[in-house]
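Open the model in your viewer and keep the sequence panel beside it. The stops below say what to select and what is there.

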Amino acid sequence: MSSPFSAVKPSLKLADQVASALEAEIRAGRIQAGDKLPTEAVLAQQFEVSRTVVREAISRLKSLGLVDSRQGSGVYVQAPGIEPLQFDLAHAASREAVMQIVEVRRALESEVAELAAQRRTLEDVAAIRTAMQRIGEAVKAGGDGAEEDVEFHRAIARAAGNPFLISTLDYLARFLSGATRVTRANEARRSDFAQAVNQEHERIVAAIEAGDPAGARQAATEHMRNALTRIAQADPTFWEQHGARLAQSLLHAPVH
């Protein structure tokens, strides 16, 4: 390694900062595959952190496949693969981010609905309708129906029969669920919003049930487009009082 690292800032999680600094050096090629990392003691001294922090940072690098421990020898760098998809979590808890996540949903849900209309079985349609019914039941029981809403769209994804789409939705579940919680909280404030959502869901299901791929894609696209419009039309006090707090779930919800 050409030069020692600098001390990290105490305002952010120390292990994340150490891991990020080391990862940047590896991906930039300044620390190359086959190189041995300095010892825990040396890294702790350079970053001005504890050895526990260094161990946690190394563990993160191992999970990314960037380093490997050799018993009795040390930690060695491995050739980096494709950089994994990551999100700026601080940005994720904002009104703008919620709208951007709904835009991602629009792209995904439109394709999923079209495929579901092509491939659905009678069992798939029954599962989708049951999931839609549970949204209403959750709302009547005093809930927001957010988790049920996510499961409704996941039932459609299962009908699409593409495991990669399901895996993508599962990976994004932390963000999709948080954004859905915000949109549904906003929609619950106005009866016309809530009624529109129910009607949009029904149009999606009807098109899937009818085996109408183009209609299902259009209905899903319009549903997401309307969700964006409803967020834009939200009373400013909604975001100040509720939306920002609910969006914090994007930072703390578990990744599935």
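Start by selecting glutamate 200, which counts as buried because its relative accessibility is 4%; buried means under 20% relative accessible area, exposed over 50%, and partly exposed in between (1.4 Å probe, protein chains only). The model is predicted: local features need pLDDT of at least 70, side-chain atom pairs count only at pLDDT 80 or more, and totals for chains, interfaces and linings use all residues. Residues are numbered from 1 along each chain as its sequence is written, and side-chain values use heavy atoms, with hydrogens and water left out.

Now colour helix H10, residues 191–209, which holds glutamate 200. Helices (H or I, at least four residues) and strands (E, at least two) are DSSP runs, numbered from the N terminus. Next, show the side chain of asparagine 226: it makes a polar contact with the side chain of glutamate 200 at 3.0 Å. A polar contact is a pair of N or O atoms within 3.5 Å; within protein, one must be able to donate a hydrogen and the other to accept it, and residues adjacent in sequence count only if both atoms are side-chain atoms. Contact means heavy atoms within 4.5 Å.

Move to glycine 74 in strand S2, residues 74–77. Is glycine 74 buried or partly exposed? Its relative accessibility is 25%, so glycine 74 counts as partly exposed. Select Lys36, Asp68 and Ser69 to see what glycine 74 touches, not counting residues up to four places away in sequence. Then pick leucine 37: its C-alpha atom is 7.4 Å from that of glycine 74, though the two residues are 37 apart along the chain.

Show side chains where they meet, including Ile128 and Ile135 in H6 and Phe152 and Ile156 in H7.

Finally, zoom out to the whole chain, with its 13 helices and two strands. Of its 256 residues, 41% are buried.
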